[in-house]
Amino acid sequence: MKIYKATDYKDMSRKAANIISAQVIMKPDCVLGLATGSTPIGTYQQLVEWYKKGDLDFSGVTTVNLDEYKGLPRTNDQSYYYFMHQNLFDRVNVNPESTHLPDGMEPDSEKECARYEELIHSLGGVDLQLLGLGHNGHIGFNEPGEVFEKETHCVNLQERTIEANKRFFASADEVPRQAYTMGIKTIMQAKKILVVVSGEDKADIVAKAFFGPVTPAVPASILQMHNDVTLVGDEAALSKIPQ
Ligand code: GLP
């Protein structure tokens, strides 16, 4: 695993955006696995800036997102569809038809998860997967559990996740209780993985996930088994990892 220590959030965002840019420049028709949450927002801003300067071209890129709330329409400003369009897709020249997320409005979980899993395979897999990290060690919406859930599936969100995400909704009651997410195997099949972490409140989970035992109780710990992971964090988030 490669670890890049950034001085602050802005520096973390630039470093992460540099890695994504390199991927797009080296393979203009790459498949990018994308993430939501507050951590990657700065990374997307930086990519948009470089696109506007003419340094980046997303016209050949295909994207697949990690997850989506079940039951939220695309027009809801808390859907990940809305987030991605707002933060990236509507601001660069990616072909909208080449951007993919699970369909939160498909009520048949089995059908939707099978469709999404099949889609990722049909694209030939993910070249670079961007990941944030939940406070309980979740990646995508793979919550801590007894086993690593392998493929795209429907999850019941844990109380802690609902709590953490309620800041974006009018109240905790409005946070959806379920989501569709790529599974651990789906994520682990990405050729390269880039994890972004920021802030002191992530320091404990970063140390646990990357330097503790590999266990489904900390879903991100599985990343220790991947052969091409880059962790980019600011000083606060990396403050508890062994020197
Ligand atoms: C959400 C997302 C994850 C994200 C995590 C951390 O629940 N499903 O993909 O990584 O929360 O979010 P943040 O970056 O806001 O801390």
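Accessible areas here come from the Shrake-Rupley method with a 1.4 Å probe. On that basis, the protein chain of this predicted model has an accessible surface of about 11,000 Å², and 50% of this belongs to carbon and sulfur atoms.

**Overall build**

The protein chain folds into seven helices and 10 strands. A compact globule of 243 residues would have a radius of gyration near 18 Å; the chain has 17 Å, so the two agree. Of the 243 residues, 55% count as buried.

| Property of the protein chain | Value |
|---|---|
| Span of the C-alpha trace along its principal axes | about 45 × 40 × 35 Å |
| Radius of gyration | 17 Å |
| Distance between the centres of the positive and negative side-chain sets | 5 Å |

The charged side chains number 24 positive and 33 negative.

**Core**

Nonpolar side chains tend to be buried together in soluble globular proteins. Here the largest nonpolar core holds 70 residues. Leu-47, Leu-88, Ile-139, Val-195 and Leu-223 touch the most other members. Take Leu-47. Neighbours within four places in sequence aside, Leu-47 contacts Ala-17, Ile-20, Ser-21, Leu-56, Phe-58 and Leu-88.

**Helix H3**

Helix H3 covers residues 80-87. Its buried residues are Tyr-80, Phe-83, Met-84, His-85 and Asn-87. What do they pack against? The partners include two helices, H2 (41-52) and H5 (159-165). Strands E2 (31-34), E3 (62-65), E4 (67-69) and E5 (99-100) are partners too.

Key. Residues numbered from 1 in each chain as written. Predicted model: local features only at pLDDT ≥ 70, side-chain atom pairs only at ≥ 80, totals over all residues. Heavy atoms only, no water. Helix = DSSP H or I, 4+ residues; strand = E, 2+ residues; numbered from the N terminus. Rg over C-alpha atoms; globule rule 2.2 N^0.38 Å. Buried < 20%, exposed > 50% of the residue type's maximum accessible area, 1.4 Å probe, protein only. Lys, Arg positive; Asp, Glu negative; His and termini not counted. Charge placed at Lys NZ, Arg CZ, Asp CG, Glu CD. Core = buried A, V, L, I, M, F, W, Y, C linked by side-chain atoms within 4.5 Å. Contact = heavy atoms within 4.5 Å.
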